[in-house]
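Please look through the sequence and the model below before reading on.

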Amino acid sequence: MVNPHRTRLLAAFRRLIVLMAMGFALLPVFWLVSTSFKSYEEWASSPPHWLPQNPTLQNYRIVFAPEAARQFAAHQSGSLDYKVSGSAWSAFGNSALVATAATFLSVTFGTLAAYGISRFRGGGRGFAFRLLTVRMFPPIAVVVPMVVLFSLLRLTDTHLGLILAYTTFTLPFSVWMIRSFIEEVPIDLELAGRVHGYGRWQVFTLISLPLIRGGILATSLFVFILNWSEFLFALVLTSGHVVTVTLQVANYVSASSGKLYGVQAAMGTISTIPVILFGFLIQGHLARGLTLGAVHG
Amino acid sequence: MCALSINGVSKSFGRQRVVDDFSLAIESGQCVALLGPSGCGKSTILSLIAGFETPDTGTIFLEDRLLNGLPPQERNLGLLLQDLSVFTRMTVRQNLAFGLEARGYRRLEIARRVEAAAARFGIVDLLEVGAAELNFSEKQRIALARSLITEPSVLLLDEPMSSLDAADRIRMRSELKLIHSELRSTVLLVTHDQSEALSLADLVVVMRAGKIEQMGAPQAVFNQPGNTFVAEFLGEPPANLFKAELVYEGGRAELKTASVRFRTDRESFAASELTVSIRANDLKLSCEPGPVQVRVSDVEFLGAEDLVRFSLGDLALASLTPAGSFRAGERAFIPLGPILGLLLTSGRATESTCLEIVP
Amino acid sequence: MRDGTLALEPRRQLIRATGPVRSDIGWGNRLTWPAQLLLLVFVLVPTIVVVWLSFTDWQPTDRTPWYQAGWNGWDNFVELAGDQRFLGAVLRTLAIVVVSTAVELGLAVLLALLFLEEWAWKKFAVTVLLLPMMIVPVDAANAFFMLFNEHGPVNQIIGWIMQRPFQFAWLANPQWALTPILLVEIWQWTPLMFLLVLTAFLGVSRTQWRAALALGASPFYAFRRIILPLSLPLLTVAVLIRSIETFKIFDAIYILTRGGPGAATESVSMFMYNGGFVYFRMAYIAAAALLVLLLVISLCLAVQKPLLERHG
């Protein structure tokens, strides 16, 4: 006879573990957001303050108006030197431009390639797997010669350069994700279209594409998240002109600007919002994306 | 002492009451069929007995053990689910041995029982085969053997034959009958197929919407349906049912529909509004001209017989006749003479009667 | 077509319904050209350049163009073989992969077990638990930087537990600096493993589970013998993919320690970054890159079979 007390105890225990896990999941995010509202004295105070005592928007102001930063420096006593290079606005603009363009290209090329691979064994037998191996390279390994290549093609520190690099390295995701969506569409529908006299391209655009619309959207959001969060290529392939959000965040804790933790937290909070948003929009497809289509969930 | 006793069990899912105050006592060695249309709650009752759902009210006793609150693994029941749920990643032998291994039997004993079960069910040469590679009826034998190998006190079967083709179904039926008589096991069978229930069970429990409509031996339930639902549900093809009014004509009782009158040999009646049930095979048609003429609307070929649908006045009736006797659109005749029928009033016992059509 | 008859050409394709006709293959190939072009220019060419460079002694500070760099033969490779820092980085990275993947998997399994049944605020809990995956990795690293600050909350909590003030400079300590780094990885990617493990567990047929219980198996026994074996393929894919991604770890290390103190937290990626962009020994790093590429490719070939199985 099962003890009702025992079941209740187990349920409470389970609730406790889940709550602990949730706390663990939330803590860093909470700290980031909390710090972003802290005033200068509290950034690295000892003991640390979990909640800002005098919440302020100062950090956000500094992020969006470096002028305010200089005024702030003048206001403070000497030891900090607020020379933050670049403004957040241009960082957001750069990231938005690069991420969007790269996403568009990646998903477009990826869809075409995925269709070719899936329905026609295009690219030869190993093409799909060659794409996978691209994902397995540590990007840094390719980056060294890419720097060379970029300077040859005059792509260093340009938007186009980053866009092309991002497109290339998110292609595996695009292709494999879209491929898994294509394979959920029964080929009979396309064959029916052919029987009705439609050409291959028409079948693709009029029959297949509409059916995988949702999948293309999910893949686009996913690839956008990857592009927006990218750091390494942005770090190495640019030299100050094209600054993405991920680089800009690093700018606030550096030799030239001192340790502007609060401002960094503010920038971090804002820059991560699109990712959170899109991430939850495609929550159902995350497993599929991050396993390159292997897991449909 | 009864093997399984269900008392006042109710279960709701959300707002829907799936099982409503259900009580049933099953004797040891009895084969009981829960018969009813989909959604009547019969599978839920099985879940409740097996322990996968908890009843909102009521108790279930296995002999004298209270099952309420006991997890499924401690109930020692045999369970055969509709999709068989044979363990696909194991061999047949591992499937058979599973229940014994889970309960900690010794290896020698397990091997002995597995061999015996395999011999009994004719699957000895399948023992080392992976379970996923078998066809449906082989899987069913495995599932059955697997559930009986632990010698459970009650065997629960959920629609065991709904996925089988006709030939396999007949074979399985005799197989089950054999097992039941051999092992003298108590069996609770859930099905929507009335011929299955009638042929296998000692006790048929007809269910609808979570409640018991009628319960009794197969012959009793078939010949004396307690209400229109049971009368309609049992019998293939469905019986002819129509409402009739009791009138007295010239001192004799007659049953009257809008355009047809039946003389009846009964003298007392439960009510003045009755439902008449006539089985299709009790209603005969003939080509020989007579006073009662009908128009054949449709003929359905059933193999040895035809199901002939026709209209008699305002009544749409059906009759089972030897194949090929009639064609759609033709005229036919009902020979004069007594016709076996049932008079139903809801809640009261059915009364059988001999009817004669008044031309 | 219009008049109801089937034109000859589509008919031919119908007959070969399971495979493309030759003309179709050509068209299919053409669809992949944009992707192939990008791969050619930005992957294949750099790879060839890497191979070339690895046999030279080029350093960008030399002011000689890369294609005129001096030939170095096998020297780079010989040096790498004896380079403790390089070997250390490789071993350390492998250790990071093993530890973080194991921990992620373990936590994921524990959590997934709690989510198999229905309970009240389950959906909300899942949403919160997935949050770490949706934080920009750089921001996550910064958050952990602040958390593990000498005066930060982590030290504060440890101080509470130990009942005495605790001010430990995690990121400056060669033995312990890897811990925050590992924690960032684990924090960010356990949710993914959790998602995959849960998917695997829920994908197991409910009726097989019930049949097992009815046969007398306790939930533990049924888990061990039914759920686990059926989940194994998916779990294997999850672990493989996660391992490969973890091997490339860079962002967190760059933000938290740059590979320091000294080279105590240098991963393979960090080693190559430092070598190439701090010390500017690009040719040397190219050789290292080549070795790593070979390592990755051989691992790749080894795992291609299970992956192929999964994709059918």
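In which order do the strands of the open sheet in chain B stand?

## The model

This is a predicted model, in which local features need pLDDT of at least 70 and side-chain atom pairs count only at pLDDT 80 or more, while totals for chains, interfaces and linings use all residues. Residues are numbered from 1 along each chain as its sequence is written, and chains are lettered from A and ligands numbered from 1 in the order in which they are written.

## A sheet in chain B

The 4 strands of this open sheet in chain B follow the order β17-β16-β15-β18, with antiparallel pairing; strands (E, at least two residues) and helices (H or I, at least four) are DSSP runs numbered from the N terminus, and two strands pair if DSSP finds at least two bridges between them. Because β17 (315–322) and β18 (331–333) of chain B each have a single partner strand, they stand at the edges, and one side of each is left without a neighbour in the sheet.

Strand β15 (residues 293–301) of chain B is joined to β18(B) by 3 bridges, the two running antiparallel, and B:R295 stands opposite B:R331 in β18(B).

## A kinked helix in chain C

Helix α10 (residues 219–247) of chain C has a kink of about 50 degrees at C:L232, shortly before the proline C:P233, where the bend is the angle between axes fitted to the seven residues ending at a residue and the seven starting there.

## Contact between chains A and C

The contact takes 82 residues from chain A and 88 residues from chain C, two residues being in contact if their C-beta atoms, placed from the backbone, lie within 7 Å. Helix α1 (residues 4–36) of chain A gives the largest share of the side of chain A that touches chain C, 12 residues.
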